[in-house]
Amino acid sequence: MNSPLLSVTKLFKYFPSRGRRELRGTPEQLRHEGPVRAVDGVTFAVRAHETFGLVGESGCGKSTLGRCILRLLEPTAGTVAFGDDDVTQATGQRLRELRRRMQIVFQDAGQSLSPMRTVRATLAEPLRIHAFARGEAAERRVLELLGQVGLEPMHRSRYPHQLSGGQQQRVAIARALATEPSFIVLDEPTSALDSSLKLTVVDLLQQVQEETAVSYLLISHDLTIVRHTCDRVAVMYLGAIVEIGATARIFDDALHPYTQALIASIPIPDPFTNRERVLLPGEPPSPANIPTGCRFQTRCAFVMDRCRHEEPSLLEAQPGHRVACFLYAEAEREAAPA
């Protein structure tokens, strides 16, 4: 088994509620101030050469988590270890070096690319900032990056508005690859593309991974793409991971009621196949007002009295497959010898 490339341990990100001052203190102290608990004690690891998926409804904290890992947002508490380095404690030149090795592809490439910069300038910028290449070496690296993502040398002189959506995303991927990182956060990399381009970009990302051995954290709503590309998957609900395991196990034998509902929502391309839908009542609660006990208890069809008072921890229900649900804690207790 590959050793972890990235380890996230009890990571929190709280935002002040409207009209509140900047938050200071531990997560336990801050909860009394009613903060927006965007990321609420998340722990997981990404292995070398792995694609790790992160899924959940809008507003569950996926993108915030990705930005906290890269220190684009400062975590409230917790640690992010990248190899032997503590990202959350790094400053100055050390943090810059870590950012060279950890990159991100944003959701909307058209918004993340400067309209005032040509493709050449966009790709050369990280090379200059990180002293990776200059002059003729930088020009060669730009051409190499364009070829790596399937673009032509003529695209160097174009501005973002002169490119298609798919070409813009290829430039964004090339920019992330410029300094040869070993870890990239892919934040909804296909959501702004039409269906004909999504698989093309996914195939490109997989090809790049085969060539460079880069690891990905793939944040996505598109469960079909997650199933097609990811080695393991974590499911987030209201800032916390409620299930984590191998992709095949999550999609074929989901344990948490929330995960089961997500999987049941995937369209089946066969009009003659009948499948029971798992409908969740209501909307997710506000991350500023997370229910006591199990955070999913207000929408769960299997809620027990215990769920209203205790918060379940991630239990290893099967080898390598963990779930935060008292249904499996009860099953484990019943199976234990008297």
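A: Gladly! Let's begin with a term: a pocket is an open set of grid points with protein on both sides within 12 Å along at least five of seven lines, and its lining residues have an atom within 4 Å of a point. Keep in mind that this is a predicted model.

Q: Which residues lie nearest the centre of the largest pocket?
A: Rolling a probe the size of a water molecule over the atoms shows where empty space is left. Here, the largest pocket holds about 430 Å³ of space. Its lining has 19 residues, and Asp40, Gly41, Glu311, Pro312 and Ser313 lie nearest the centre.

Q: Which strand gives the most to that lining?
A: Strand 2 does, with five residues. By class, the lining of the largest pocket has nine nonpolar, three polar and seven charged residues.

Q: How does strand 2 pair with strand 1?
A: In a regular strand the side chains alternate between the two faces of the sheet. In this model, strand 1 (residues 4-15) and strand 2 (residues 36-47) run antiparallel, joined by nine bridges. Val8, for example, has Phe44 in strand 2 as its bridge partner. Strand 1 also pairs with strand 4 (residues 77-82), again antiparallel, over five bridges; there, Leu6 stands opposite Phe82.

Q: Where does pLDDT stay under 50?
A: Where pLDDT is low, the predicted coordinates should not be read in detail. That applies to residues 333-338, where pLDDT stays under 50. The chain as a whole averages 90, and 93% of the residues score at least 70.

Conventions:
Residues are numbered from 1 along each chain as its sequence is written. This is a predicted model: local features need pLDDT of at least 70, side-chain atom pairs count only at pLDDT 80 or more; totals for chains, interfaces and linings use all residues. Side-chain values use heavy atoms; hydrogens and water are left out. Two strands pair if DSSP finds at least two bridges between them. Helices (H or I, at least four residues) and strands (E, at least two) are DSSP runs, numbered from the N terminus. pLDDT is the predictor's confidence in each residue, from 0 to 100. Contact means heavy atoms within 4.5 Å. On a 1 Å grid over the protein atoms alone, a cavity is a set of points where a 1.4 Å probe fits but cannot get out, and a pocket is an open set with protein on both sides within 12 Å along at least five of seven lines; lining residues have an atom within 4 Å of a point. Grid points are joined across faces, edges and corners, and a volume is the space filled by probe spheres set on the points. Ala, Val, Leu, Ile, Met, Phe, Trp, Tyr, Cys and Pro count as nonpolar, Asp, Glu, Lys and Arg as charged, and the others, Gly among them, as polar.
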